Structure formats: C-alpha cells, structure tokens
Amino acid sequence: MWGLPKTRYANCNASDSSEETEIFVNIGGMRHVLHGNVLNRYPETRLAELVNCASQNFDVISSLCDDYDPGKGEFYFDRDPDAFKCIIEVYYFGEIHMKRGICPICFIKEMEFWKIDTSFLDECCKSNLNEKEEELAEIADKVKLILDDMEGDPAADRWERCQKFLWKLMEKPESSLPARAIAIVSFLFILISSVVMCVGTIPDLQVEDAEGNPVEHPTLDAIETACIGWFTVEYLLRLISSPNKVHFALSFMNIIDFLAIMPFYVVLVLTYLGTAVMELANVQQAVQALRIMRIARIFKLARHSSGLQTLTYALKRSFKELGLLLMYMGVGIFVFSALGYTMEQSHPETLFKSIPQSFWWAIITMTTVGYGDIYPKTTLGRCNAAISFLCGVIAIALPIHPIINNFVIYYNKQKVLETAAKHELELMELQSNEGAARKASRKSRKSSGSGGVWDNTMRTSRSDTYIPLLADLHRTRQQSCK
C-alpha cells in the first residue's frame, strides 16, 4: 500500500532553490506547509507549478490559485479541505485513497483541479468511482425517458404520435390517470383469472359433460374467456404500439404474457378441430397439459409490482450464493444418505432400501421438512439424522444474508435513482426558467442601451453537484428543440 512514488513524474529538473522552498497554502481555511522537494516529485501538478513559479509575476500566480497574500507568502484555494488531505498523499506515498463520505465524482473534479491523474487512485477507490458513474448513467437514462414522455417529437407524424400515446397508456402507469386505471384493471383481471383457475378444480363446482367427464362450470368458463379476451387485447395493443417489435417479442415478461394466453387458443383449436385428426384421448391429454400452462398468468403480476421486480433482480444477482447453497446441499445429501443407508442395514425392518432411495430422506431432513415416511431406527442412524439436520440448517442459513443484502441494495438504489431523476428534472426546469428570464432581461436592457454591463455580470454558475452526463443530455435536448 505505501510504496515509493510512481516514477512517471519523478527525476524532475527543478532548480535547487525550488527544492528547498517552503510554501504556505490555505485550503478552505486550513493552512498547510509544503516542501518544494516533495512537490517536485510530480512536476506537472498544480502545486509543483506553484513552487516553480513562486518568484514570477503576480499574473502567473493568480492563474494557479484563487488568491495570494504577498506579505504572508500564502496561497489561497477555495477547495474542499477534506479532499485535499487525501490528494496530498500522492506526493508522499504515490497513491491516493478517498476517505469515507467523500463523493467520488466531486473528488475526481478535485483531482482534475490539482492536475493529478486518476491512475493514482487505489483499486478500491476506482471500483467505487465506477459504481457512481454507473449510477449517474442510470439517472441520465431515467431523465431521458421521463423527458421523452413529457416532450413529444415535433417531427413525428400523426401515427407515430398515436403510437407513442398508446405505448405510454399501456406501458407507463405513472404517465397519466387513464394509464394508471388500465394498470389497475389489468391487475384485477390477473387476480380474477388466477382465482378462477384454482376454483375450477373444486369437484363440487364442476359439471359433467355428455360423456360423464368432469369439466369446469360454464360460469367460470365464461369468466375465463373474458379474462383471456382482456389479456389478448392488451398484448396486441402493446405489440402494435411497441417502438421495437423484435425486442418486445423477446422480452421475458412479454414471453410470459404470450404463454398466459396461448394455451386458451390452442385448446380451442384442439377441441374443435383436433378430433378430426387424432384420437379423443390424445386431445384430452393435450388439453389438460395446456391448461396447466395457465399457471404462467400469476407471473404477470411482476409487471405491476416493483417488489416482485426487485426480488427477481436480487435473485439474479445472487446466482453465486444460490449455487453455493445447491453445492452444500448436494454434498450433504450424498454423504448423509450413504451414511444412513450403511448404518440402517443392521436393522431387520430398515426403510433404507438403497442409497438413491435414501436421497429423499436426506433432502426432507436437511431442509427440516421431515414427512416421516422414511426414518432411521438404529442409534447410529438417529445420530446421523441429527447431524444432517444441523448441517442442513447451517447450509440454508449461510447464503440468506447476501440475498437479502442484494435485495435491500437494489431497492434503495431504485429509490435513490427515482429521487435523483426528479431532482435533476426540477433543476433543468429551474435553469430553463432562469435562461428565459435572462434573455428577456437582455432584450429589455439592450433596447434601453445598457446591455453590456449586464451581460458581463450575469454568468451561469455550476454547483458542486454539477453532473456532466445530465448537463450534456439537457444541452442536447435544447439544441434539438431549437
């Protein structure tokens, strides 16, 4: 961690006088004494340039610092003193570590001001910086989507505007009150369809057909048909209004939607046309198999539930932990089932007939289910069962915390991104209003003949939270509007 300075800026040709020079810098109210021989290890940095030009005129010095006191020989910088404490480490240790609590984006701006390359950052700090840059990119994407929804393309024709309106109506419940109403109705249809599917399997609510076979009640069948009609119209409208048909068809949630409505129409085809080409028994088996696929409708709830989407993302991010869980359980099942089979062979009424059959016992024991259909009868077998139970509890508990942590991280991140996107939209709107006010003021002052002084005094200032990605996005949109 602490090593010799990087040789890229070493061996400078500074004079002996500059190497013996001491300079006094005031960073945000904190005074530091720095030595020229230390600063000249990296001569291309701002502080090294300040040492080497200390004897030159005031104009050169003022270009490197915010203010200078010739009496005290002190240079003033209106910069972050906490960030400077981290940056000064590069002259002594050859690398920089960001303190906890410092914004990485603001820290990079500080490094750019002091003319220090970002390659001096330690690897852990670089990873943190990359995460923040990804978050900023996601915020910019969210802002772009919101702006696209708020502002239509003036060059679009009537069909494109209608297509975009229909897409927002079916895909973005937060865009308008009718879109939210459609999302609620779709959510209710999903619940009703799932309840009808479950209730239709109750024998007391079933009726017999002409051949004496139990079938669903006609009322439930009519409700099912209405739900399928809604799902079909919804899917077709979303497909027609989709800006990218291929991406729409290959999307996971849209595949779920297709699988939710496809069995109904396949069953209709097999029922009315299938009997002419195949036996009735085969048709009934195919119909029953397709009816099971209606279970996929419950996954449509994920489209309207941010919690289910967050859970899905957490499981995706936890594949490694889930893989470790399966590996632990697989090893435990194999070991304890083999031990259980071996230890129970001495009992005349053993229930462990083979090792593959013992797998079932090991699974229900390690997962703490314990149906009781297979159980050990010897003392050693019961000790083996107790150990397998404890190992199963530990193996299941180990990956739970990372999975929960991924869920919480993603959920909080989504909340932060939504809040940041709304904040940036408010800033953009405020800047647009200020720009319009400035233009109006300039026109009024030019008409009165006093515009020069006003133009020189009014300048757009950037705060410490200035985000280039979002600013570039806003600037691009303004140019496109012009």
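Which helix gives the most to the nonpolar patch? Helix 16, spanning residues 319–344, does, with seven residues. This is a predicted model.

**Nonpolar surface patch**
- The patch lies on the surface and has about 810 Å² of accessible area in total.
- Its members are Leu324, Met327, Tyr328, Val331, Phe334, Val335, Leu339, Ile394 and Leu398.
- One of them, Leu339, has its place in helix 16.

**Helix 9 with helix 10**
- Two packed helices are described by the angle and the distance between their axes.
- Helix 9 covers residues 158–171, and helix 10 covers residues 177–199.
- Their axes come within 7 Å and cross at roughly 45 degrees.
- Helix 9 and helix 10 are therefore oblique to each other.
- From helix 9, Lys168, Leu169 and Met170 take part in the contact. They meet Pro178, Ala179 and Ile182 of helix 10.
- By class, this contact has five nonpolar residues, one charged residue and no polar ones.

**Helix 17 with helix 18**
- Helix 17 runs over residues 355–366, and helix 18 over residues 379–397.
- The two axes come within 8 Å, with a crossing angle of roughly 55 degrees.
- That angle makes helix 17 oblique to helix 18.
- Helix 17 brings Trp361, Thr365 and Met366 to the contact.
- Helix 18 meets them with Asn384, Ala385, Ser388, Phe389, Cys391, Gly392, Val393 and Ile396.
- Here the classes are seven nonpolar, four polar and no charged residues.

- Side chains of opposite charge can pair when their charged atoms come close.
- The structure holds six salt bridges.
- Lys115 sits in the loop between helix 7 (104–113) and helix 8 (123–150), while Glu49 is in helix 3 (residues 46–52).
- The pair therefore ties together parts that are 66 residues apart in sequence.

Definitions and conventions
Residues numbered from 1 in each chain as written. Predicted model: local features only at pLDDT ≥ 70, side-chain atom pairs only at ≥ 80, totals over all residues. Heavy atoms only, no water. Axes fitted to C-alpha atoms, helices over the stretch in contact; angles between N-to-C directions. Helix = DSSP H or I, 4+ residues; strand = E, 2+ residues; numbered from the N terminus. Parallel < 35°, antiparallel > 145°, perpendicular 65-115°, else oblique. Contact = heavy atoms within 4.5 Å. Nonpolar A, V, L, I, M, F, W, Y, C, P; charged D, E, K, R; others polar. Patch = residues over 30% accessible without salt bridge, like charges linked within 9 Å, V, L, I, M, F, W, Y side chains within 5 Å. Areas by Shrake-Rupley, 256 points an atom, 1.4 Å probe, with all protein chains shown as cover. Salt bridge = Lys/Arg side-chain N within 4 Å of Asp/Glu carboxyl O.
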